[in-house]
Amino acid sequence: MKTNFDENFLSLVINFSDGYNLILKENFDKINLLIEENFKKNNYEILIISNTSNEDDFSYLKTLVSKYENIRILFVEQIVNPEALFAVGIESCIGDLIITLDMSLHPVGLIENFLKLYKNDGYELIIGVQKDLLKSKNILKTMLYRFYYAILSFYTGKKINFAISTCRLFSRKIINHFINKKNIYQTFNYFTFYPGVRIK
């Protein structure tokens with residue numbers, strides 16, 4: 001069990017781009033309450049990576065910042081994929097613990113599950129899995145995912161699970177390793193390969 005868990009500072013990194021913005025608006029209060037309950041010393045930040053130019057979205061984010069003191073927003077001008085957005089957030093976050101949350105794929109309750117695994121079992125890198133892919137009856141979709149990750153595994157020399165997701169928890173040790181050697185990690189999925197720590 002991790003001692004002094006309450007001393008940790010959490011950075012929750014959330015993607016706010018087209019297709020993800022409505023999900024955040026519907027779930028933000030629930031997310032904020034869950035974080036407050038686990039970090040009672042107010043030692044957390046919610047880092048929203050915005051990749052949208054919609055005026056309504058901008059107004060919504062402006063309202064969030066005025067209402068909550070623990071929010072930071074990074075605006076990414078160029079349209080990029082969600083994995084790249086999370087990488088931007090990870091390089092900018094200040095937490096001892098970092099969780100990247102893809103609300104289109106995972107329930108908000110996953111945050112609490114990740115925190116328990118870190119606090120009780122000492123995992124420093126926790127990687128979400130898309131169970132819908134594992135159980136999918138859409139054979140073509142599953143085959144395409146498997147094919148893509150088989151090629152990626154071949155070229156990297158590392159076996160990558162085709163159903164891994166961008167919803168993950170990292171300790172500061174993992175983040176520092178990534179930032180110091182980011183030229184090695186060209187895709188977000190390579191976080192899977194950090195050696196020498198407990199991984200779930």
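Modeller: Two strands pair if DSSP finds at least two bridges between them. Strands (E, at least two residues) and helices (H or I, at least four) are DSSP runs, numbered from the N terminus. This is a predicted model, where local features need pLDDT of at least 70 and side-chain atom pairs count only at pLDDT 80 or more, while totals for chains, interfaces and linings use all residues. Residues are numbered from 1 along each chain as its sequence is written, and side-chain values use heavy atoms, with hydrogens and water left out.

Colleague: Thanks! How do you know that strand E1 (residues 10-17) and strand E4 (residues 97-101) pair?

Modeller: They share five bridges, in the parallel sense; pairing asks for at least two, so E1 and E4 qualify. In this pairing, Val13 stands opposite Thr100 in E4, and Leu10 has Leu97 as its bridge partner.

Colleague: What does E1 pair with in E2, and in which sense?

Modeller: E1 and E2 run parallel over eight bridges. One example is Ser11, whose bridge partner in E2 is Glu45.

Colleague: How are the strands arranged in the sheet?

Modeller: Six strands make an open sheet with mixed pairing, in the order E3-E2-E1-E4-E6-E5. The edge strands are E3 (71-75) and E5 (125-129), as each pairs on one side only. On average, neighbouring strands are turned by 20° against each other, direction ignored; the axes behind such angles are lines fitted to C-alpha atoms, for helices over the stretch in contact, and angles run from 0 to 180 degrees between N-to-C directions.

Colleague: What makes you say that helix H2 (residues 55-67) packs on the sheet?

Modeller: H2 touches E1, strand E2 (44-51) and E3, where contact means heavy atoms within 4.5 Å. The direction of H2 makes about 150° with that of E3. Helix H4 (residues 110-121) packs on the sheet too, touching E1, E4, E5 and strand E6 (164-171), and its direction makes about 45° with that of E6.

Colleague: Why is the pair Glu7 and Lys41 called a salt bridge?

Modeller: The rule wants a side-chain nitrogen of Lys or Arg within 4 Å of a carboxyl oxygen of Asp or Glu. For Glu7 and Lys41 the N to O distance is 2.5 Å, so the pair passes. Glu7 lies in the segment before E1 and Lys41 in the loop between H1 and E2, so the bridge ties together parts 34 residues apart in sequence. Glu7, at 51%, is exposed, and so is Lys41, at 52%.

Colleague: How many salt bridges does the rule give?

Modeller: Three. Another one joins Glu45 and Arg72 at 2.7 Å, N to O. That pair links strand E2 with strand E3, 27 residues apart. Glu45 is buried at 4%, while Arg72 is partly exposed at 29%.

Colleague: Which distance puts Glu124 and Lys173 in a salt bridge?

Modeller: Their closest N and O atoms are 3.5 Å apart. Glu124 sits in the loop between H4 and E5 and Lys173 in helix H7 (residues 172-180), so parts 49 residues apart in sequence are tied together. At 14%, Glu124 is buried, whereas Lys173 is partly exposed at 43%.

Colleague: Why is Phe154 called exposed?

Modeller: Its relative accessibility is 66%; the cut-off is over 50%, so Phe154 counts as exposed. This residue is found in helix H6 (residues 139-156).

How values were computed:
Buried means under 20% relative accessible area, exposed over 50%, partly exposed in between (1.4 Å probe, protein chains only).
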